[in-house]
Structure formats: C-alpha cells, structure tokens
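Here is a friendly walk through one protein model, for a reader who is seeing it now. Please keep the sequence and the structure in view as you read.

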Amino acid sequence: MNKKLSLFIKTAVFLAILCVCFICMSLLVERKSSFNKNQEFFEEAKKDHIDAFFLGSSHVINGINPLQLFEDYGYTSYNLGGYGSVLLSSYWQMMLALDYCTPKLVVVDSYMLENNIRYIDDPEANVSSDELHLNIDRFPLSRTKYHAINDMFQDRDEKYPYLADFIVYHDRWKELEADDFKRFTKDADVNRMMGAVMEYGIHSQEYTYTDFQAGTLEQETVGTAYLRRIIEECQSRNIQVVVVTLPFLAMYDNQAAAHTATQIAAEYGVPSLNMLEIPGIIDVNTDMEDAGHLNVLGSRKVTSCLGDFIAQNCPLPDHREDSGYEKWNNYIGDYNAELASMCEGNDDLYTQLMMLQLNNSNKTFTISVRGDTAVYSDPSLVRQLHSLGATEMLDQAVSSNCSYMMISDHGVITEFVGDSENEFSVETSDGVFLYSPASAIYRILYVNGDTENNYLYSDDHAYADVQLLFFSGGVCTSHQYYTCDHFTYDYDQR
C-alpha cells in the first residue's frame, strides 16, 4: 500500500512539474502581441480600476485614447478594440473581459454592422487569424473562451489554435528574443495607453466626404444581432451602454449601418452618437492616417467629443485625485513626453506639421516657404499650414507664388508675404527676430542681433522649398529642410 501511495505521489508530482513546464514553454514561445495589448487590462481589472470598456475594430483602437479621457475627465477605461473585429468578435471580447471586472459603461462602435457573415472562419469574412490572436490570446482558457471559439468558428480544425495557441507558436524557437523572456519578469513591454494605439502618419490624398442620404439597413444582419446581444447583456448587468460611430470616409452601406445603429440604440433606450453626422469633428484630409483610420490628431478630437458626450449623458467618477491611480498619471506623463519628443526632426513633412498642431502652444518656430515653389500646388500641405494658424496671407502667397513666412511664438502667429528689401522685426519669447525677404531664393533671418548667421540661407539648401526652424532660449535647436518633388518631400536637417 505504501509503495502504491508513493508511486501515486511521485506520478502526481511528475505530472504537475510536466504541466508547469508545458505552460511555461507555451508562454515563452507565444507571440507577445496579445500580452502587450491586454496585460494592463488584467492589472487594472484586479484593482477594479476600469469604469468603461471600448469595443470595436481598428477604428476604435486608433480613435479612442483612454489616457486622454483620464487626463481631461478623470475617467478610467480600457480600449478592447480589435483589428478587423466585427460585432460578433466584439461581443465575445466583452464577455471575456466581463469575467474579470464589471465596468459602469460599455461604448460599442457600429462599424461593420452591415456584416452578415455568421462565422469568422468563412473565407468571405476577411478576418486575419493574427488579428484575432491579438485580441484573445492573453485571455486564459475558460468556459467563456470555449463558448466564444465555438460560436465564432464553424470549422473544428480552426478552433484548436485559439483554444491551445501552442499549436500555432510551438515552432517559434528560432524567433525568440530577449523580450520573449520578459513575460516572466516585471519589466515586460506592455501597452501603456490602456489598449489604444496611436497612428502618427497622415495620408497625402485629397478626400471629400459625401453624405449619401442613406436610410437604414434593409434587413437584420449578424452585426445587428450581436449589437443587440451586447446591449442586452449590459442591461442585464446594469451596465450603461453608448452606441457610437466614429468618423471615417464612410460609403453608402456604412452610413446606412450607422443610421441603423442609432435606431437600435433608441429601441433599447440607450444613448447613441453618430459622429459621421456631426460637422467639424475632424478634417478628413488632416486628421486621418488613411480613409478608414484616424491619426493621433483625429483621435484627440474624437476622444474629446466622446468625453463630452459621456459627461453629459452617463458621467463616470473622476479618479484624478484618488489614491491608487498613480500609474495612470505616470502613463499620461510618458505619453505627453513622447508627443513632445516627436515635435521636431520628422523626415515626413506632413507628419511634422501634424505634430506641430499637437504642440504648437509649447514651441517657438518659423516656417518659411520660398517663392516660385511647387509646394503651393499641394492642397494637403496648404491645409495643414492653415491648421497651424496661417491666414488669408498664405492664400495671397499661393495665388502670387511668392515667399511666405510664419513665426509662431507659442501659438501667437506673425506672417509675411512677398519679396522685398524691407526688414521686419518681431519680438518673441526667444528674442528679436529680424526678417527680410530679399528674393524668392535669398531671404534673411537674424536672431537677437546676430548678423553673422542668416538662418534662411545656405548654399547647400538654397532651393529648399520649406524650411522649419525651432528655437529655445534664443538658440536655434533644429533646422529642417524639405524639397518638394511631386508632393514627395526630401528631408535634410542641420
């Protein structure tokens, strides 16, 4: 009997050790993208620090910034949006998250409400397996996850990699890097924006938003069914719901879906916000990475609009002064520091001007456009200059194709147009700037009486179309040159 008991104990210990080794090995070879995006959710959920969930596709990931909501309103939230997520997968993303905490509010975006494909492994669903792994790999296997996979997938073989992702990642040994081992330490890389991902690019197309006067969807879809399930599940748990449609270059079906989402929200008595129909929230030609996704500037505007809507319709607690939320303030500081660091030295001129829009009140800078330049034929660039504070004086420069100069002193704008021998003196917080636009090529900028250094001319960059100079403490800290070639801007810096 003792021998049998001893053998049983040894076997149990061996199996336990084997199981632990297998779990550790699985975590090691697993791609860390899902851990990175969702780890802070688990950390904050344990503390009951999450008052709102955001559900939806990449429109939500790129469009709603939880850190900004905390900084401006004190709201604590997590962005659970998933790349390529349809309402079906958003519903299950919510259900997985509800196993760990119960928020006071769920905000769900209606994008792809018109989708009528029942299973996401349908070839026509156009859902990437990598995108779904990003959403759910970090959530451990549970009864909810088992039901989620069974509901989302039709093909049994397609289910296994999500129930046991070791099937997908077991051969990653040669790809392992130092960061893979940090999963077992406290210094692993995680998403510090509470699930959001900001985009820092800007498209160079010329978009025009068209209101198609669409009605509503003609029939119920898989998307409408799961939007209803999201609302009903939240109401059964006394969780407030807001249905939104974030702005993008929506086509007819998209606009009909947004109207249908508003209609469904009204049926359940929950507030809705269709940003497609609110003029002036964003500029589709400056605030978007591409036709479907907001950039960081667009995200700032949309997040502010959503924050105001929440404050008016379903306000949440303000935790900015509460103890225990120091991490949120630290992450905000890191994020703002990152934005400030990106304000100078961008080789893409569109991105550079976008970052200036986010930081212009904290900077002294000048933008000089030489006369007789192709830049003025670039409507996207001209629009961005207007967004930075350029007035009709820029339009005069465009129409006459002459030199243009903007001096921005922490948001206070001074402009000059044309070529002449006149000298113009401008007092700024960084000293006195003396500007003389002698010709289209040769212009003068002296700072604080230093006539030995003309900041606007050098033989190497005489034909630069745009010059951007930053100043701090009366000293030029960065001098950036951009030369236009069919609206592609070659970059140099001194």
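## Salt bridges across the chain

Arg 383 is partly exposed, with 21% relative accessible area (buried means under 20%, exposed over 50%, partly exposed in between, with a 1.4 Å probe and protein chains only). Before going further, please note that this is a predicted model, in which local features need pLDDT of at least 70 and side-chain atom pairs count only at pLDDT 80 or more, while totals for chains, interfaces and linings use all residues. Residues are numbered from 1 along each chain as its sequence is written, and side-chain values use heavy atoms, with hydrogens and water left out.

Arg 383 meets the side chain of Asp 283 in a salt bridge, at 3.7 Å from N to O (a salt bridge is a side-chain nitrogen of Lys or Arg within 4 Å of a carboxyl oxygen of Asp or Glu). This pair links distant parts of the chain, 100 residues apart: Arg 383 sits in helix H16 (residues 379-387), and Asp 283 in the loop between E5 and helix H13 (296-313). Helices (H or I, at least four residues) and strands (E, at least two) are DSSP runs, numbered from the N terminus. Asp 283 is partly exposed too, at 25% relative accessibility.

How many salt bridges does this rule give? The count comes to 16. Three of them are set out here:

| Pair | N to O distance |
|---|---|
| Glu 40 and Lys 327 | 2.9 Å |
| Lys 104 and Asp 51 | 3.2 Å |
| Arg 383 and Asp 283 | 3.7 Å |

Glu 40 forms its salt bridge with Lys 327. Because Glu 40 lies in helix H2 and Lys 327 in helix H14 (residues 326-341), the pair ties together parts that are 287 residues apart in sequence. Is Glu 40 buried or exposed? Glu 40 counts as buried, at 5% relative accessibility, while Lys 327 is partly exposed at 21%. Through shared partners, salt bridges join Glu 40, Glu 44, Lys 47 and Lys 327 into one network.

Lys 104 has Asp 51 as its salt-bridge partner. Lys 104 is in the loop between H5 and E3 and Asp 51 in the loop between H2 and E1, so the two tie together parts 53 residues apart in sequence. Asp 51 is buried at 3% relative accessibility, and Lys 104 is partly exposed at 40%.

## Two open sheets

Now turn to the strands. E4 and E5 pair over 3 bridges, and Val 243 stands opposite Ser 272 in E5.

Strand E9 (residues 424-428) pairs with strand E10 (residues 431-436) over 5 bridges, and the two form a hairpin with 2 residues between them. Within that pairing, Val 432 in E10 is the bridge partner of Glu 427. E10 and E11 pair over 4 bridges, where Tyr 435 has Leu 445 in E11 as its bridge partner.

## Loops worth a look

Most residues other than glycine have a negative phi. Asp 48, in the loop between helix H2 (33-46) and E1, has a positive phi of about 60 degrees although it is not a glycine. Met 194 has a positive phi of about 55 degrees and is buried, with a relative accessible area of 0%.

Ser 57 lies in the loop between E1 and helix H3 (58-63) and is buried at 2% relative accessibility. Leaving out residues up to four places away in sequence, Ser 57 touches Gly 81, Gly 82, Ser 85, Tyr 111 and Met 112.

Terms used. Pairing = 2+ DSSP bridges. Contact = heavy atoms within 4.5 Å.
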